[in-house]
Amino acid sequence: MQLFATVETMGHEQVVFFHSPSNGLKAIVAIHDTTLGPALGGLRMWPYASEDEALRDVLRLSRGMTYKAAVSGLNLGGGKAVLIGDPADKNEAMFRALGRFIDSLGGRYITAEDVNTNVQDMDYIFQETNHVVGVHPVHGGSGDPSPFTAYGTVRGIEASLNWKFGHSDLSKASYAVQGVGHVGFHVVRALCESGAKVFVTDMNAERVQQCVELGAEAVGMEDIYDVEATVFVPCALGAVVNEDTIPRFKFEIVAGAANNQLANDACGDELDRRGIVYAPDYAINAGGLMNVAIELQGYDRERAMRMVSTIYNNIENIFRFAERDGIPTWRAADRVAEERIASLGTVKMPHVRQSANRLDGRDRK
Ligand code: NAD
């Protein structure tokens, strides 16, 4: 990869390579943009086939975090870390070494859990640096982010209903939920509690059964795209809104928690052309990020819930922007983020240092 050219095109501020041969640590931290605040983003561990692949992933993911934080109204920038290796080879020394490296960045990057890392790993990192969130609740951490992501998703569904039908009453619509894992299950519970008709699918029969007990109806994994429901709620995989599935949709809204739902930009344009309201994934699924962001100010569950509730307004704002500029919602989300960064880029942000100071007060014991 032409690293300098790529970084220049994508707009990264800093890319740091960390290597600690004694414990097998090979990590890359990418800090995309700190205009709004310190760069926050998870630490992903993956057996990348090549260092180029790892680099591409961290550059792409860190840039995504900039947009997610910006569109969510957070005073945070975008960053990400990747740890190259097999999760089976994880060890304490590896995370402690990474913690020291992260500390050397002086708070410009704050890490969190992501694919193949967990609270225990964050606790190891916390032994060496304050610049980590998602630690165990005994250290002031916020615990499992999934219920917050689910709550934010439900708020985003309400905003989408209001935009399309002029009401945000969950019970007046029907839903096709794909994937009922950590996030999807909580979404299904909220939808079922409203009294709405809910269809679910998952490869995990036990999870499906739990949803059926809440009142949902199970459908086959391939059949979910053909369900006659108002809202498609992807909570499993990426790229499920694609050239093959869109022609099958009878849905009027796509609003779910899964990352990277659109197979490509053209699919977002196609939803728009068909009059299907799309709640951009990285804006509707920001509840987990908001929840850990509250840790920076001293964790408070009620405050976290209030902040996650604002996803309703964030989604509405994107829809308004899209309508005003005559552009699809996926593009509007990017522009809302870019405009916020550009407009706040000229304002002094003293809270950036404050955030780091508050992290300093946590108890390591
Ligand atoms: P999870 O692994 O707990 O749940 C995913 C579920 O989808 C599993 O039950 C799995 O069996 C099911 N699944 C996989 N392939 C499927 C298929 N083809 N058809 C139907 N079901 C299938 O993950 P999660 O934490 O609930 O996250 C779900 C999605 O939301 C992911 O895309 C994730 O990146 C995104 N997300 C999660 C969070 C969070 O806080 N957990 C935050 C932001 C985004």
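Of the 20 residues around the ligand, five come nearest: Thr-149, His-182, Val-183, Asp-202 and Arg-207. The model is predicted.

Start with two of those five, His-182 and Arg-207. The side chain of His-182 places an N or O atom 2.6 Å from an oxygen atom of the ligand. Arg-207 also uses its side chain: a polar atom there lies 2.6 Å from a ligand oxygen. Ala-236 works through its backbone instead, with a polar atom 2.9 Å from an oxygen atom of the ligand. On its own, the ligand has 830 Å² of accessible area, and the protein covers 75% of that.

Now look at the shell as a whole. By class, it holds nine nonpolar residues, nine polar residues and two charged residues. Helix 5 spans 146–165, and helix 6 spans 182–193. Each of these helices supplies at least two residues of the shell.

Next, step back to the chain. The domain assignment gives two parts. Domain 1 is made of 3–63 + 78–132, while domain 2 runs over 146–341. Their centres, taken over C-alpha atoms, are separated by 28 Å. Six residues from domain 1 and six residues from domain 2 take part in the contact.

How much area is buried between domain 1 and domain 2? The size of an interface is often given as the accessible area lost when the parts come together. Here the buried area is about 530 Å². Carbon and sulfur atoms give 73% of it.

Technical notes. Residues numbered from 1 in each chain as written. Predicted model: local features only at pLDDT ≥ 70, side-chain atom pairs only at ≥ 80, totals over all residues. Heavy atoms only, no water. Near = heavy atom within 4 Å. Polar contact = N/O pair within 3.5 Å; in protein donor to acceptor, adjacent residues only side chain to side chain. Areas by Shrake-Rupley, 256 points an atom, 1.4 Å probe, with all protein chains shown as cover. Helix = DSSP H or I, 4+ residues; strand = E, 2+ residues; numbered from the N terminus. Nonpolar A, V, L, I, M, F, W, Y, C, P; charged D, E, K, R; others polar. Domains from an automatic or database assignment. Contact = heavy atoms within 4.5 Å. Buried area = accessible area lost by both parts, 1.4 Å probe.
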